[in-house]
Every structure is written in C-alpha cells, then in structure tokens.
Amino acid sequence: MTITYEYQNALYVNLTNRCNCACAFCLRQGKAEGSIYTQDSLWLEREPSRQEALDSFLSRDVCRYREIVFCGYGEPTFRLDDILWLVDQLKERFGTDLPPVRINTNGHANLILGRDVCPELAGRIDTLSISLNATDAASYTALCHPIQGEAAYQAMLDFAQESKAYVPHVVLTIVDKDKTPEEIQTCRDIAARLGVQLRVRSFIDS
Ligand code: SF4
C-alpha cells in the first residue's frame, strides 16, 4: 500500500480514495497516460491509520523534500483530522525544519465535515491548492458532479476566501484543457475578487 510517495522532489501523501465529486476529467479514472495518478498502487485496499501514515513519514528523510503534499487518489479533507494530527506530530519532531505543507483539495472540507475547519488550518497548513474548475455553479456541477449539488461551488469559493485568513498561500487552480481565454480570464477575475492567486495548470500535473 502506497501511503507516501515522491514526485518532483516533493513528498506526496495518499490517505483516502473517497471523494464527494465525480469530475469528468478526474485522473482517478486513469485517463491520463503517464500521470502518477494512473499507478494502481495509489488505489488503497483500505485507508491507512494515522499511525501507519506517520510511520511512513518517519521511514523517510522528511526534511529533505521541498514540500509535503496531501493529495492522493481522492479528496484528502475527508481525513482532515488525521492530516492535522500528522502535521502536529511532524512539527513536534522536526520543528522549523519541516518542509511547507500543502493540501490539494476541492475546497469542500466544510461541507464534508459539517463544521468550519478554516481556523484549524492556522499554523499547520502553508498552502491550500483549491480546484476552481469552472466559472459558475451550473457548469461546475455539470463538470464535477458534487453530491451536494450546485451549493458546492459557492461553498468552495467561501472556503477559499475564509481560509486566506489562516493559510499563507491560498491558490485556486484550473486545468487549461477545454478552457477558452475568456473563461480563464473570468477565473482570474474570480480569484482576484476573493483575494487569492490563480494557477492555470496543464492537464497532467501535480
Ligand atoms: S474532486 Fe478531485 S478526486 Fe474528487 S473527483 Fe474531482 S478530481 Fe477526482
């Protein structure tokens, strides 16, 4: 079972395959040849315990990586409590030598967990990379199929806006594939309105 894995000198962490979305482009579907996400090993036969995840970290030279990224083959914030516990454990051991910590997320943590988690990220998470994916709720829902329906789009935007009070780097991301220049500009405008960055990334990326 692959819990932590290296990619471009960062340490990626795979805690869950659960997700509340079913994005049309999702790399979990193995459509992107050559992507790290198509490796069968990233499908977990079961979710690792937080202790197993910590043991996986500690089997490595954690401080040599440029970044720690909670990502994986699903939405990591289904296990946010365990992520925060792990970060606390690692900070206790490595202090300021610990590389910056990022979560790649769909921005639905508050919906998934039923509480406002943003304050809990303070001092633990350095970067939130949040998938914006679309310029409006209807097209977002058609693309990502969140089980919460169209409300998930606004929830994601609210999460991005609120979390910037607690997390130093909040970035909205879009995939360039199938986006017009006008749509990309609209996404830039949305990010600017929320006071966060926009990152336009290629289809196969980290
Ligand atoms: S939110 Fe992420 S993990 Fe979930 S379906 Fe979409 S791309 Fe896949």
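Which residues surround the ligand? In this predicted model, local features require pLDDT of at least 70 and side-chain atom pairs count only at pLDDT 80 or more, whereas totals for chains, interfaces and linings use all residues. Residues are numbered from 1 along each chain as its sequence is written, and side-chain values use heavy atoms, with hydrogens and water left out.

The ligand is surrounded by Cys19, Cys21, Ala22, Cys23, Phe25, Cys26, Arg28, Gly74 and Asn106 (a heavy atom within 4 Å). By class, this shell has six nonpolar, two polar and one charged residues (nonpolar: Ala, Val, Leu, Ile, Met, Phe, Trp, Tyr, Cys and Pro; charged: Asp, Glu, Lys and Arg; polar: the others, Gly among them).

Pairing requires at least two DSSP bridges between two strands. Strands β2 (residues 10-13) and β3 (residues 68-70) pair in the parallel sense over three bridges, and Ile68 in β3 is the bridge partner of Leu11.

Helix α1 (residues 50-58) and helix α2 (residues 80-94) have axes that come within 10 Å and cross at roughly 40° (lines fitted to C-alpha atoms, for helices over the stretch in contact; angles run from 0 to 180 degrees between N-to-C directions).

Technical notes:
Helices (H or I, at least four residues) and strands (E, at least two) are DSSP runs, numbered from the N terminus.
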